[in-house]
Amino acid sequence: MAVALECALREAMAALEPGGESPVAALGAVRAALAAAAGDTAALGEQERALFGAFLRSLVRASREARPEGVWQSCFLEGPPGLALCVLLETLSSPGPSIHLREVVEVLEQFLQEGRVAALLWEVCQQPAQPGAPELQEAVLSRVACLPDHVSNQLQGKSPPVFFPQNYFPLLGGAVIEVLQKISDSLRGGLDCSISFLSHVLGKVCVHGRQKEILSVLVPHLTELTQSDCIWQRMCWRLVECVPERWMEAVLLGFVQRAPGADVLSRLLGNLVVKNKKAQFVLTQKVLLLQYGHKTAVLQNLLGYLSLDPLRRPFLIQVLQELLETWGSSSAVKHSPPEQQQYISKAILICLSHLKESEIESCRQELLTSMMEGVKCHLDSNLPHIRRLGMIVAESISLKINTDGPVLKFQYEEDDETRELKSLLVQTTPCCAVPSLPNEEEDEKPSVSDGDRRSQTAAPVVPAGESDSELDSDDDLIPYDMSEDKELKAKAPLYLRDCIEVLTGCEDVDKWEATVKALESLIRRNPAAAREVSVELAKILLHLEEKTCTEGFAELRQRAQVAVLTTDPIPVAQYLTSQFYSLNYSLRQRVDILDVLVLAAQELSCPKTHGKTKHSVTSKPGIQLLPGSDSSKDWRRIVDERIKSKTRRIATGQAQVELASGPNEFNSVAGHFFFPLIQHFDRPLTTFDLLGEDHFVLGRLVHTLAVLMYLAVNTVAATAMGKALLEFVWTLRFHTDCYVRQGLLSCISSLLLSVPAERLLEDMTEELLEAQSWLGDVVEKDPDGDCRRLALHNLLLMENLKKKLQIIPS
């Protein structure tokens, strides 16, 4: 067969030369020799393959007369598929004068549609030990895995649909399944066959980012074929084991993401995590501790896979210990983004759901220690989301290790995320190798026997307190008519000095409650009288504690404090700001001071009409931020909206509602609110250390300064406030708490929006250049997403400021 094919090839090459005779007959002889080989081109020797490659290159360079239509294409489709593909792609890269690019593409289309990719893969799998096989495999591998790119580069994106990645790689996956079936048949027939080339193809496709396309075909077929066939299971294990280490991660992630469950993943991968160090690192370290973008189903697949075999369960315990170590690290809680902490929390809960009672018993003390350390770190966080994550995980660990005794229970708001996290503690899908843990919630419910259930159903329903002996006992008594009765309410004092006496020394709780409810309106109705006792009232309200269960007490007290502060701003602001850094105040009281200052500053900066403040339209102060996009159009939109909101338009025709206007009363008092707060932040007290453990109050202080700066726009003190604020931000810019850093970045936003551009350029040029460099580092390196967005927002504000100054004529 080899001799006949060699003679036919030499005669065909001679006939294809210019002046050659009967090329049609010569090509027919080549096809006949290939047909005699019955498609077994893998048996060709190195010399025959070299000769066939030279023949194909001569064929594509031959004149059109020497290449009869329909015959020369068959030589490519019936010959050795590896050689055919290589020559076609070479011709595609540099087509000769006698062949058009379109003709090559049409042959390639036929090559794919007639299943020659499967023939190519099978050919390579049959000849692993032949001379020159590694070089051929490398050449074929590069072309098979990157065929859409090769074609698209030459056709400038105008590829036929079969070369689209979403079409080609599923076709390649089907070819891999077809070859695996042939390998299975060979093994059952007692013949050896290599699977490593398929592993290389799978690895290279996955590392190029096409896991979804190829595994969408491979995983469903392998799931079905490995269900009850041990040979297919071993072939699948071998398919993944033979993937080179540099591509192993991409393949494993693809399988973990696409597998429909942990039991299927266990069938597809076997004990790969035990045998392969790279797989062990990826599955037990990288996916769980170094990445956090995977879905919950991926975590369930991976951790369920580790739990389904006795040889793999030690990795489950090891993973849980490392996750708890990270979860309980104060440094990790401070410096890792909330998304990663949520991801780690989910992984811990899933690990706990797979633990057996004996395993819990063996590591009970370690779990308890980790729980105590971790919950402390999370409760110290300023972010409510992080605190709640710590509570949920701590409750879950406590539930697992204290099955008989009391368990931890925290108070937090239940939402969809909380319910999802708690559901992870219970296995909902049955696993094939390890029986699922009993459902604790069901175990706690008392069982009801059938007899009890029947007795409960048959028992008549009698309202409580209505037995037969009591139904007629009070028939002779006539009820007293109380329909006209009214509840007697204590009257509130009419004068502020009487209010002070009631709040400081009255024992009548009804009168005290009435005074608290009426105090705000009394202050606003009598501003002159309020100024006489403003500081005294502020002191009483700051220390006022609830005597009765008054509904909305905290809000009533705060509104009264705001009323006092807006009525007599300077002395009351001086008192409150001085008390913020004084001894013997709780953190709650210090935060209350900050809240009152912000609310009063907002009210003073809002316009008033006819002497009355429009409280109904007052909203909480806030800094307007850019959305997540980095487009300059977003900045222009926000600027236009701000200009529109502050522009008064006069129109004729239908009457329009005139907006409220008036002087900004915050203008003359802004410094009294701002500067005392920024002066002593670095002086630790016995019971108060802003730069130490009281970083939550520091975060609230920073956000308060940002709002005060924002409200000071167009005030006389804005420039001095901005310069002091910039120095304050520069001092704390490397703070470890993300809540504090968010506040510092909000301060920069307020400064850029409130201080006039000319003053920024003249008084703070060097400081702004340094801040710009720092903001660039935050955008690139800060672990918190909100900090990165705020820093980007500030850089856009600076860029807009620069453009604005370039437009203004000097």
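Modeller: A residue is called buried when its relative accessible area is under 20%, exposed when it is over 50%, and partly exposed in between, with a 1.4 Å probe and protein chains only. Phenylalanine 580, at 0% relative accessibility, therefore counts as buried. The model is predicted: local features need pLDDT of at least 70, side-chain atom pairs count only at pLDDT 80 or more, and totals for chains, interfaces and linings use all residues. Residues are numbered from 1 along each chain as its sequence is written, and side-chain values use heavy atoms, with hydrogens and water left out.

Colleague: What percentage of the 810 residues of the protein count as buried?

Modeller: The share is 48% of the 810 residues. Accessible areas come from the Shrake-Rupley method with a 1.4 Å probe, and for residues only the protein chains shown count as cover. The protein exposes about 41600 Å², of which carbon and sulfur atoms supply 52%.

Colleague: How many helices and how many strands are there in the protein?

Modeller: Both elements are DSSP runs numbered from the N terminus: helices are H or I runs of at least four residues, and strands are E runs of at least two. The protein has 42 helices and 0 strands.

Colleague: How many of the 12 residues of H18 are buried?

Modeller: In H18, 10 of the 12 residues are buried, so this helix is largely enclosed by the rest of the structure. Among them are Val298, Leu299, Asn301 and Tyr305. Helix H18 (residues 296–307) reaches 16 Å from its first C-alpha to its last, close to the 16 Å expected.

Colleague: Which residues is serine 199 in contact with, leaving aside its neighbours within four places in sequence?

Modeller: Serine 199 is in contact with Arg238, Leu239, Cys242 and Val243. The residue is found in helix H11 (residues 196–207), and serine 199 counts as buried at 0% relative accessibility.

Colleague: How many aromatic pairs does the structure hold?

Modeller: Rings of Phe, Tyr and Trp (its six-membered ring) pair if their centres lie within 6.5 Å; planes under 30 degrees apart count as stacked, over 60 as edge-to-face and the rest as tilted. The structure holds 6 such pairs. In one of them, the rings of tyrosine 168 and phenylalanine 169 have centres 5.1 Å apart and planes at 75°, so the pair is edge-to-face. Both tyrosine 168 and phenylalanine 169 are buried. Phenylalanine 580 and tyrosine 581 also form an edge-to-face pair, at 4.9 Å centre to centre with 90° between the planes. Tyrosine 581 is buried, with a relative accessible area of 12%.

Colleague: What is the count of disulfides?

Modeller: A disulfide is a covalent bond between the sulfur atoms of two cysteines. The rule applied here asks for a pair of cysteine sulfur atoms within 2.5 Å, and by it the count comes to 0. Cysteine 236 is buried at a relative accessible area of 2%, and cysteine 377 counts as buried at 15%.

Colleague: Where does asparagine 584 lie, and what is its phi?

Modeller: Most residues other than glycine have a negative phi. Asparagine 584 has a positive phi of about 60°, and its place is in the loop between helix H33 (569–580) and helix H34 (587–605). Asparagine 584 is exposed, with a relative accessible area of 70%. Asparagine 714 has a positive phi near 70° and lies in the loop between helix H37 (695–711) and helix H38 (718–732). At 71% relative accessibility, asparagine 714 counts as exposed.

Note on methods:
Contact means heavy atoms within 4.5 Å. The expected span of a helix is 1.5 Å times one less than its number of residues.
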